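Here are a few notes to read alongside the structure, for anyone opening it for the first time.

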Amino acid sequence: MSDKILVVGELRENTLRNVTFEAIAAAKSISADGEIVGVICGAGDLNEQAQEMIYYGADRVVTVAHDMLETYTPDGFSQAVMAVINDESPDGIVMGHTSIGKDLTPKLASKLETGLVSDATEVTNDGGKAVFTRPIYSGKAFEKKTITSGLTFVTIRPNNIAAPEKDESRSGDISPKDVDIADIRSVIKDVIKKASDGVDLSEANVIVAGGRGVKSEEGFKPLQELADVLGGAVGASRGACDAEYCDYSLQIGQTGKVVTPDLYIACGISGAIQHLAGMSNSKVIVAINKDPEANIFNVADYGIVGDIFDVVPMLTEEIKKL
Ligand code: FAD
């Protein structure tokens with residue numbers, strides 16, 4: 001795959017998510033000397049965000065601004081991105097394997113009757129041919145895929161591919177595109193936000209996750225304190241969510257979020273295969289569990305056999321001293 005790669009940027013509260021820059025890095029691996037065209041859909045002035053994409057390596061950016069694109073809807077965004085695809089005739093389209101990417105790319109790929117490589121954790125180039133690594137069987141194995149022909153969509157797993165260095169000396173064309181967004185079957189009337197817990201779980205570099213061993217909602221407090229001193233986020237197993245110790249938005253695993261932080265601290269989590277599917281690719285895994293036979297120790301780089309209510313506050317105090 002070569003020539004022209006479209007990178008669909010993703011905004012959260014009008015700021016580009018980091019996975020957008022990681023997608024630019026993936027696009028560069030697909031086609032080192034190809035043209036990288038950023039696409040940003042949203043409402044209002046999108047110039048600042050477009051400029052940011054250029055600083056991170058896009059050669060030029062097309063912005064589609066429309067009131068109906070203020071929040072994501074499958075109909076609105078697919079019309080906007082499809083209009084850009086029709087103008088640009090790219091050879092490939094890359095975006096994050098986020099809830100938006102997971103929704104939008106299959107919709108567009110099926111409309112265009114073309115291919116989709118989803119959830120790539122690595123993109124390399126073998127003599128001009130892009131090679132995508134992606135997990136299969138809930139992360140128990142990895143497969144490598146290449147594209148032999150045609151336009152292909154690619155989604156990349158957040159936090160796996162290093163974003164390019166920001167270079168504020170870069171410049172490029174920013175062109176607004178008018179798209180008549182019509183026939184939207186679902187309209188977002190209101191967005192009810194959960195109070196911010198600080199760092200976003202899917203992009204956090206450090207995650208302190210609690211399982212059923214945390215025993216109560218109150219039991220998550222020492223985990224939050226540890227996450228705070230490490231600048232990280234709190235996650236959970238489904239066991240903890242099912243027990244109503246925390247919200248399902250924190251669930252990590254096969255049916256929750258897939259995360260790859262630099263450091264994952266599993267507290268009172270047994271290590272069921274469905275949980276491992278969401279975190280086993282973390283760079284360093286620390287497990288704290290009072291059962292030395294717990295399966296989580298099989299994937300951990302460092303294991304502490306002990307009671308989380310002793311160990312976690314001790315860790316927090318020691319880290320505060322650093
Ligand atoms: P448990 O298995 O009960 O483990 C609790 C651990 O805490 C034990 O190892 C215990 O030794 C330890 N412990 C207890 N007290 C302490 C203490 N004071 N100090 C230290 N350690 C202590 N699970 C997920 O997590 N994510 C998913 O996405 C997911 N998807 C699923 C999808 C399907 C279709 C199915 C069938 C299951 C799924 N599950 C998922 C559930 C999964 O199988 C497990 O039931 C769940 O992960 C168990 O959660 P847990 O490890 O917190 O609890």
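1. A word on handedness first: a crossing is left-handed if the near helix is turned anticlockwise from the far one by less than a right angle, and right-handed if clockwise. Keep in mind too that this is a predicted model.

2. Start with helix 3 (residues 74-88) and helix 4 (residues 99-111), whose axes come within 10 Å and cross at roughly 55 degrees. That angle is why helix 3 counts as oblique to helix 4. As for the hand, helix 3 passes helix 4 in a right-handed crossing.

3. Who touches whom here? On the helix 3 side you'll find Pro-74, Asp-75, Phe-77, Ser-78, Val-81, Met-82 and Ile-85, and they meet Asp-103, Leu-104, Lys-107, Leu-108 and Lys-111 of helix 4. Sorted by class, this contact of helix 3 with helix 4 has seven nonpolar, one polar and four charged residues.

4. Now look at helix 5 (residues 221-229) and helix 8: their axes come within 9 Å and cross at roughly 20 degrees. Angles under 35 degrees count as roughly parallel, so helix 5 is roughly parallel to helix 8. This crossing of helix 5 and helix 8 is left-handed.

5. The class tally for helix 5 with helix 8 is seven nonpolar, one polar and two charged residues.

6. Next, the second largest pocket, which holds about 430 Å³ of space. It is lined by 27 residues, and the closest to its centre are Arg-212, Ser-237, Gly-239, Ile-269 and Ser-270.

Note on methods
Residues are numbered from 1 along each chain as its sequence is written. This is a predicted model: local features need pLDDT of at least 70, side-chain atom pairs count only at pLDDT 80 or more; totals for chains, interfaces and linings use all residues. Side-chain values use heavy atoms; hydrogens and water are left out. Axes are lines fitted to C-alpha atoms, for helices over the stretch in contact, and angles run from 0 to 180 degrees between N-to-C directions. Helices (H or I, at least four residues) and strands (E, at least two) are DSSP runs, numbered from the N terminus. Angles under 35 degrees count as roughly parallel, over 145 as roughly antiparallel, 65 to 115 as roughly perpendicular and the rest as oblique. Contact means heavy atoms within 4.5 Å. Ala, Val, Leu, Ile, Met, Phe, Trp, Tyr, Cys and Pro count as nonpolar, Asp, Glu, Lys and Arg as charged, and the others, Gly among them, as polar. On a 1 Å grid over the protein atoms alone, a cavity is a set of points where a 1.4 Å probe fits but cannot get out, and a pocket is an open set with protein on both sides within 12 Å along at least five of seven lines; lining residues have an atom within 4 Å of a point. Grid points are joined across faces, edges and corners, and a volume is the space filled by probe spheres set on the points.
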